[in-house]
Amino acid sequence: MLDLYFLTTNRVKFEHLSFLLKDQPVRLQPPPEYGKPYHEPRIFDRDQLLKKSVESANSRLFRKGFDDDSASGDLFRILGGEYSIEDPDIADLMQDRFFIIEDTSVRIEALSYESEFPGVDVKYWMRSTSFTDLDRQLKGFGNNRDVEVRSDIVLYIPKRFRSHVDNNYIVFTGVTQGRVVTEELDFETNPLYPWLDNKTFNKWFVPSGAKDIFSRLPIVEALEYDFRQIAIEKMLSFLYERNLLDRPKPKIDNLGYQESLFGEPDFIVCGPTCSGKSTISEYLAEKYGYFHIEASDYMHLLYYRRFVSYTDKNEIHNFAKSLLEQKPEIVANEIKKERNNLGSRRYVISGFRSPAELRPFQNEIRAGVIKLVYLKSARKIRFERNKSRARADALETYHDFLERDALQFEMGLRDLEKDRRAHLVFNELSLEEFKLQFVKGFLEDCPEVSKYDSVSELVIVGSLEDSIICSLFINQQDFEFYTTTEITRFVNRTVVRTKKGEKITTHKDNVSRYFNMGFYPYFRISMDNGKRKYRLSATGLSKAREILRLSKV
């Protein structure tokens, strides 16, 4: 597996390339935790722009380093007194990480009479140009609407891997020909594939051979015309030819799950609102060391990428219903990736709403590796639980509760109850009796895990993400959300982070940048006067327990 750092502050680009590389032996990494990853000069010569961008990126990686214990850091301390920290030759000698940068440019044929236009300056040009402006200019030049969109992906190659390479970086180019649309369309950004958006030049671009603008194409068709995909394929071919990547092995169904057949099962727990799904999942996580994955956290993840600022409690449920009708396996596939990262650790998944969502797990369910459990309670009992737990998403009236049930049953929850593979468990007892009943039915001989120590004291964790998760776990109050400034205070107050054996202080900009780079299943988001606030999700709580059990407290 190749660690490949994508130096960008554009989270949509990061998601795009992550999607394109998802089946490759490449682990795409975000930039390190400091400022902009490189200085991009505003110049119109593409070759000079890429060259200076690579030099800047490499110098900054050399200066900060990715690994606290890296040899390059030790070497720099030896040479640091004699050479400038920004010296590109020294950085090139010592910086030992593969990285890429990506530059998108556009050439509008009718306007490129002197030089490529808007060229590499396209993102600045888009900010000051309306479709009306562009349309008027094109009609003034005979209405020639030919255009090409280009992606240049620059791969930096560390010195020790350059035996057959003349330069320290290689540029891989993807070009898609097309035309400028004749009428601007009103549409929403694709919530699943946010690079198919209504903001960039993609909204005005019709690829040659396509019947619609790039941003409105189905993903399978969009990939046929994807300029970044073309560049990525060229880069992958180079890496495979130079044996810098291992060829992916054929996937063997169920490989890696046999170990669980001889131990405690994993679980998928389903049921209507307030039937006890979260309660039993959290209990398994706390008492028996299961990793709890909540399906709704991944649905929120997809939702945040599109809306973020929602206020209607039912809006997320309507979004989920619409999305699952189109792609019922989308959340389950994301969860399966998370599950595969757990190795042989046990897990419990809660929150699936229809049999269609179970398809990625059907072989393990059939083999008995995963127990499918459906929890059932009388509606009035569930409504009383809804009122008593007073969660932020609690429904105030019985009528609202009935509507929520109806929506969930319409999504397929009733079919899950009738699924012949499901173990039906009634939860109309007290909380303790319910837990005992569940354990007796499924885990009677399962050993309890050792509880992590008190978390009121400082814990030592390495990565910024782990630090954020642990500090929220220690400090967050029920139903409260926190700003990045408050989270930074939590990190510095309750978590010890070290670099080269010395304690380091986490800066607010690092925390803000972590959240700005993307959305994660470990957090829920709320909006307060236009400002995002965060708290741990159910999946995040489970992640925190895992980190703390592995940490020395």
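**Side-chain contacts in the model**

Tutor: E417 and R414 are separated by about one helical turn, because these residues stand three apart in helix 15. The model is a predicted one, in which local features need pLDDT of at least 70 and side-chain atom pairs count only at pLDDT 80 or more, while totals for chains, interfaces and linings use all residues. Residues are numbered from 1 along each chain as its sequence is written, and side-chain values use heavy atoms, with hydrogens and water left out.

Student: How far apart are the closest N and O atoms of E417 and R414?

Tutor: A salt bridge requires a side-chain nitrogen of Lys or Arg within 4 Å of a carboxyl oxygen of Asp or Glu. Helices (H or I, at least four residues) and strands (E, at least two) are DSSP runs, numbered from the N terminus. E417 and R414 form a salt bridge, and their closest N and O atoms are apart by 3.7 Å.

Student: Is R414 buried, partly exposed or exposed?

Tutor: Buried means under 20% relative accessible area, exposed means over 50%, and partly exposed lies in between (1.4 Å probe, protein chains only). E417, at 18% relative accessibility, counts as buried. R414 has a relative accessible area of 36%, so its class is partly exposed.

Student: Which residues do salt bridges that share partners join into one network?

Tutor: By the salt-bridge rule the count comes to 27. Shared partners link some of these residues into one network, namely R46, E116, R150 and D152.

Student: How many residues apart in sequence are the parts that E102 and R228 tie together?

Tutor: The side chains of E102 and R228 meet in a salt bridge of 3.2 Å, N to O. Both E102 and R228 are buried. E102 lies in strand 3 (residues 99–108) and R228 in helix 8 (residues 227–241), so the separation in sequence of the parts tied together is 126 residues.

Student: In which helix does D297, the partner of R524, lie?

Tutor: R524 forms a salt bridge with D297, with 2.7 Å between the closest N and O atoms. The pair ties together parts that are 227 residues apart in sequence, because R524 lies in strand 16 (residues 523–528) and D297 in helix 10 (residues 295–304). D297 is buried, at a relative accessible area of 2%, and its element is helix 10.

Student: Why is the aromatic pair of F267 and Y290 tilted?

Tutor: Rings of Phe, Tyr and Trp (its six-membered ring) pair if their centres lie within 6.5 Å; planes under 30 degrees apart count as stacked, over 60 as edge-to-face and the rest as tilted. By this rule the count comes to 32 aromatic pairs. The ring centres of F267 and Y290 are 5.8 Å apart, and the pair is tilted because the planes stand at 45°.

Student: What is the relative accessible area of F401, the partner of F383?

Tutor: F383 and F401 form an edge-to-face aromatic pair, 5.5 Å centre to centre with 65° between the planes. F383 lies in helix 14 (residues 379–389) and F401 in helix 15 (residues 398–418), so the pair ties together parts 18 residues apart in sequence. F383 counts as buried at 8% relative accessibility, and F401 is buried with a relative accessible area of 0%.
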